[in-house]
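Thanks, everyone; please have the sequence and the model open while I talk.

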Amino acid sequence: DYTGGGCPHILAEPQRTNLVTYSEAFNNSYWTKSGASVTSGFTSPDGISNAFKLVEDTSSNLHIINRIITVSNATNYSTSIFAKLGERTKFGIRDGFSNKWITINLSNGSVIDSNGLISSKITQLENDWYKISFTFQTADTSSTFKAYILGDSYTSGSPDDVSNRYQGNGSSGLYIYGAQVEAGSYATSYIPTSGSTVTRNKDVFSRDGISSLINDSEGVFFAEFSVFDILTNSKVISLVKSSAPSSNAVLLYYNGNRIAFDIYSSSATVSVTTNITNALQLNKVALKYKSGDIALWFNGVEIVTNTNTISLSGLDKLEFDYVSGNDFYGKVKQLQVYKTALTDAQLTSLTS
């Protein structure tokens, strides 16, 4: 993932399905336009001419594009779309059945107003594009994906309110691309569709046969990473012995508000943990493991020490889970394994 510029991150995501079956072809009859039309041929965040301009008509009304989608009731869903300012700078997306919505100022990416959301996220991209997403709980077995051009005078309230209707001029509008509705507690990366729903399989990362790169008697396991949500179960990156992972493993995991390492060895099970409040941001975490000399480092500070005796053997695999469970989903900027127990000064430098 190259979002934000600079060096890319590993992006590990779960399996998701985009329920919007024409995610880019807003000129298809699948999409209902009311007080608006669409024009093709504009450059999208993908860098090709597959974005549309949503253009208001001359009525004194709402200016929207929408689609009804079948969902499960009382379930968390995430809605997302890419948008860019045109002559109009204010934009809204809404689920019509539950009246959950967010409105955005596309001139700076700020949220103007919202209602009833579990969470929302605005991501700035190149060339004035923003990815806008929100997570909500459905109130019916249907959801209406509605995208609105809002008038310059809009300040607050549902984009569907009568008070937010305005007189269009027949030519002004803004740009849209990549609509997505997916079951889940956060929005994942865009899944293009062109006539049917599309499912992206979960990302799986592992490397086996690397015993020569791992020192069983001492070492450092280091990662710079963030997770996507703080609600689901443990998310694990592990060093294991393939044939006996329950008694030979070093696990880095996030669970709830804790970052922790577990060491499973033939002599003892050791857990070292720290409570955090910013798991959605990148953090640098390192475990120094050596019998009688174990320490957890977090963002430049030694947090926990432990003097337990451990005895590991045969570590030969790195994987983004543990024994086919507790899959890690998030962003990983760095992942390093050292064959020696680094000094305190080296660990401070590594995790700062």
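A word on terms before the strands: two strands count as paired if DSSP finds at least two bridges between them, and strands themselves are DSSP runs of E, at least two residues long, numbered from the N terminus. This is a predicted model, in which local features need pLDDT of at least 70 and side-chain atom pairs count only at pLDDT 80 or more, while totals for chains, interfaces and linings use all residues. Residues are numbered from 1 along each chain as its sequence is written, and side-chain values use heavy atoms, with hydrogens and water left out.

Let me begin with β10, residues 100-105, which is joined to β11, residues 110-115, by five bridges in an antiparallel arrangement, with Ile-104 standing opposite Val-111 in β11. In the hairpin that these two strands make, four residues lie between them, and Gly-109 takes a positive phi near 80°.

Is β10 buried or exposed, then? Six of its six residues are buried, meaning under 20% relative accessible area with a 1.4 Å probe and protein chains only. Lys-100, Ile-102 and Ile-104 are covered on one side, and Trp-101, Thr-103 and Asn-105 on the other.

Terms used. Buried means under 20% relative accessible area, exposed over 50%, partly exposed in between (1.4 Å probe, protein chains only).
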